[in-house]
Amino acid sequence: MPTEPQQQHSGPTLEFKTSTFSAPVLVIATDDLNSIEQQLQEKIEKAPDFFKNSPIILDVQGANKKNLNIDIGLLCQLVRKLKLLPIGIRGGNDEQNSTALKYFVPNYSIHHPVNAGGESKQTKSPAPKEEAPRPNTLTINQPVRSGQRIYAQGDLIILAPVNAGAEVIAEGNIHIYSSLRGKALAGVPENTEARIYCSDLQAELISIAGHYQVNDQTVPSKVKGKPVQIYLQEHALIIKDI
């Protein structure tokens, strides 16, 4: 039988685009894998919905500066066993970066790799002038779409809607100057002083320091459609209008 001609595509089959993507960074400060596993388990238990199948960056720069011998292969196996997905290694030496590639984990470092002695391979240059520390705040100007995950190591400010199916996570406070229809987790993993501020709360899930409310529990009728603040009081989430 004659085969039907394949349909011609009018445009390119695929393309690469730049995108803002935030992933948690796991900073390793010890070569004791048992201790790492125990502490990871404790953090995961406090925020299981966030950490389940979460992409993470493995940061071993500080450990290498202390001349600790981190077995990257065993570390990759460990985090995957705990349902975390390593997507990059940062601050590794040549041997660690090579081992990581065998586990399909690329070098994600924005810094120069360090050698086994902990010194940078780049040529030494005069020390730059010290700058005043900048606030550790992440600001998002565009809508957070379904399937996106935003992570901030400090406060997170969002000036657009957070759609259903999206997740926004911060170690500090979360400010959303629009509607929240997805998930918001502040104070990760255990900052009980963190708060969530939102102009229109319709969230699938809210959490502060691992304390959750979901679905219909999330939006009391008296604050529906109003600007609200959410904080933790005696292990319970309090939602009040502003």
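Predicted model: local features only at pLDDT ≥ 70, side-chain atom pairs only at ≥ 80, totals over all residues.
In what sense do strands E5 and E7 pair, and over how many bridges? Strand E5 and strand E7 (residues 167–170) are joined in the parallel sense over 4 bridges, where two strands count as paired if DSSP finds at least two bridges between them. Helices (H or I, at least four residues) and strands (E, at least two) are DSSP runs numbered from the N terminus. Within this pair, Ile150 is placed opposite Val168 of E7.

Residues are numbered from 1 along each chain as its sequence is written, and side-chain values use heavy atoms, with hydrogens and water left out.

The pair E5 and E7 belongs to an open sheet of 5 strands, ordered E5-E7-E9-E11-E12, with mixed pairing. Strand E5 (149–152) and strand E12 (211–214) form the edges; each has a single partner strand, so one side of each lacks a neighbour in the sheet. On average, neighbouring strands of this sheet are turned by 5° against each other, direction ignored; axes are lines fitted to C-alpha atoms, for helices over the stretch in contact, and angles run from 0 to 180 degrees between N-to-C directions.

Strand E6 (residues 155–158) presents Leu156 and Ile158 on a covered face, whereas Asp155 and Ile157 lie on an uncovered one. Parallel pairing links E6 to strand E4 (residues 137–140) through 4 bridges, with Leu138 opposite Leu156. Strand E6 also runs parallel to strand E8 (residues 174–180), to which 3 bridges join it; here the bridge partner of Leu156 is Ile174.

Buried denotes under 20% relative accessible area, exposed over 50%, and partly exposed the range in between (1.4 Å probe, protein chains only).

Another open sheet consists of 3 strands in the order E1-E2-E3, with parallel pairing. Its edges are strand E1 (25–27) and strand E3 (84–90), each of which pairs on one side only. Neighbouring strands of this sheet are turned by 35° against each other on average, direction ignored. Strand E2 (residues 54–59) runs parallel to E3 and is joined to it by 6 bridges; Ser54 has Leu84 of E3 as its bridge partner. Helix H4 (residues 72–81) packs on the sheet and touches E1, E2 and E3, its direction making about 150° with that of E3; contact is defined by heavy atoms within 4.5 Å.

Positive phi values occur in loop residues other than glycine. Asn67 has phi near 60° and is located in the loop between helix H3 (61–65) and H4. Its relative accessible area is 51%, and Asn67 is therefore exposed. Glu234, with phi near 50°, lies in the loop between strand E13 (228–233) and strand E14 (236–241). Glu234 is likewise exposed, with a relative accessible area of 75%.
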